[in-house]
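Hello,

Here is the structure we spoke about handing over. My notes on it follow below.

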Amino acid sequence: MSATPGPAADDARPDAASAAPVPPASEPAASGAGAPAAPTADPEAVAPARRRRLVATLVALAAVTLVLDQATKAWALAGLDEGVRHPVLGDLLGLQLLFNPGAALGLATGTTWLLTIVAITVVVVIIRVSRRLGSTGWTIALGLLLGGALGNLVDRLIRDPGVFMGHVVDFIAYGDLFVGNVADIAIVAAAGLLMLLSLMGVRLDGTRERREDAAEPGDGAAGATPAATPEDGRRDG
């Protein structure tokens with residue numbers, strides 16, 4: 001038979017419970033539900049030194065493109081007669097000096113001032129987004145685009161018939177299709193590279209998009225989020 005505790009034993013229990021040590025409120029809670037997650041490094045961050053190198057590369061590439069464009073235009077003005085075609089590769093490629101008031105393929109010939117504004121806008125946008133550069137591919141594409149835009153913009157600003165209305169110097173004849181210049185080549189190359197980078201999922205900051213395949217029925221719990229892999233957020237070299 002078990003003995004029944006007396007009143008004295010009952011009175012001692014609350015005293016013993018109250019005497020138990022209580023953890024201080026300042027101590028952090030144990031990890032688990034409700035615990036704050038530890039801060040992690042921002043995967044979108046680009047090292048300042050790397051960004052400076054990319055911006056310097058962009059500026060250098062744009063400057064080379066601009067100088068090459070203006071130098072070849074000066075050569076064409078000095079050595080070619082307007083409208084006279086000089087074959088280089090038969091009928092496929094030639095040299096023919098023309099003054100283009102519009103865009104490529106002779107489009108928008110009556111809106112020279114609008115094309116000038118578009119070129120200025122492109123230059124401003126490239127300068128602004130260059131602060132977020134983290135991709136070598138984007139750097140090359142934007143450098144070519146900036147140099148090409150500046151090359152034709154200079155013509156719009158300084159050549160006849162006046163500021164904002166200047167005609168662009170074209171001299172590279174592609175068959176019977178159109179006549180262009182070095183700036184046009186840079187712009188087309190930049191557009192092609194930008195399309196390729198977009199298809200590859202390379203972002204401006206150098207990270208890559210990941211297209212997760214939809215989970216097959218019965219694979220894991222419904223609504224489960226796939227675990228991150230080392231490839232997530234990887235940067236373009």
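A nonpolar core, as the term is used here, is a set of buried Ala, Val, Leu, Ile, Met, Phe, Trp, Tyr and Cys residues joined through side-chain atoms within 4.5 Å. Please keep in mind throughout that this is a predicted model.

The cores

The largest nonpolar core has 21 residues, and within it Leu133, Trp138, Leu142 and Leu146 touch the most other members. At least two residues of this core come from each of helix H2 (48–79), helix H3 (112–129), H4 and helix H5 (182–200). The biggest contribution is that of H4, with eight residues. Another core lies apart from this one; it has six residues, including Ala76, Leu80, Leu97 and Phe171. As general background, nonpolar side chains tend to be buried together in soluble globular proteins.

For Leu146, leaving out residues up to four places away in sequence, the residues touched are Leu58, Ala62, Val123 and Ile126. Thr139 is also in helix H4, which spans residues 136–158. Is Thr139 buried or exposed? Its relative accessibility is 1%, so Thr139 counts as buried. Neighbours within four places in sequence aside, Thr139 is in contact with Leu54, Thr57, Leu58 and Leu133.

Overall layout

The protein has five helices and four strands, and their order along the sequence is α-α-β-β-α-α-β-β-α. It is 237 residues long, and 29% of these count as buried. Of the contacts with a separation of 6 or more, 66% are between residues 24 or more positions apart.

Strands

Strand E1 (residues 85–89) and strand E2 (residues 93–100) run antiparallel and are joined by four bridges. In this pairing His86 stands opposite Leu95 in E2. The hairpin of E1 and E2 has three residues between the strands, and Gly90 takes a positive phi there, near 60 degrees.

E2 is also joined to strand E3 (residues 168–174), by six bridges, and these two strands run antiparallel as well. Here Leu93 stands opposite Tyr174 in E3.

The loop between H4 and E3

Most residues other than glycine have a negative phi, and most peptide bonds are trans. Pro161 is found in the loop between H4 and E3, and the peptide bond that joins Asp160 and Pro161 is cis, with omega about 10 degrees. Phe164 is found in the loop between H4 and E3 too. Phi of Phe164 is positive, near 70 degrees, in a residue other than glycine. The side of accessibility is simple: Phe164 is partly exposed, with a relative accessible area of 34%.

Salt bridges

Side chains of opposite charge can pair when their charged atoms come close. How many salt bridges does the count come to? The count is three, and a network of salt bridges links Asp69, Lys73, Asp155 and Arg159.

- Asp69 and Lys73: their side chains meet in a salt bridge, 2.9 Å from N to O. The two residues are four apart in helix H2, so about one helical turn separates them.
- Lys73 and Asp155: the closest N and O atoms of this salt bridge are 2.8 Å apart. Because Lys73 lies in helix H2 and Asp155 in helix H4, the pair ties together parts that are 82 residues apart in sequence.
- Asp155 and Arg159: their side chains meet in a salt bridge at 2.9 Å, N to O.

Arg159 is buried, as is Asp155.

Regards

Note on methods:
Residues numbered from 1 in each chain as written. Predicted model: local features only at pLDDT ≥ 70, side-chain atom pairs only at ≥ 80, totals over all residues. Heavy atoms only, no water. Buried < 20%, exposed > 50% of the residue type's maximum accessible area, 1.4 Å probe, protein only. Contact = heavy atoms within 4.5 Å. Pairing = 2+ DSSP bridges. Salt bridge = Lys/Arg side-chain N within 4 Å of Asp/Glu carboxyl O.
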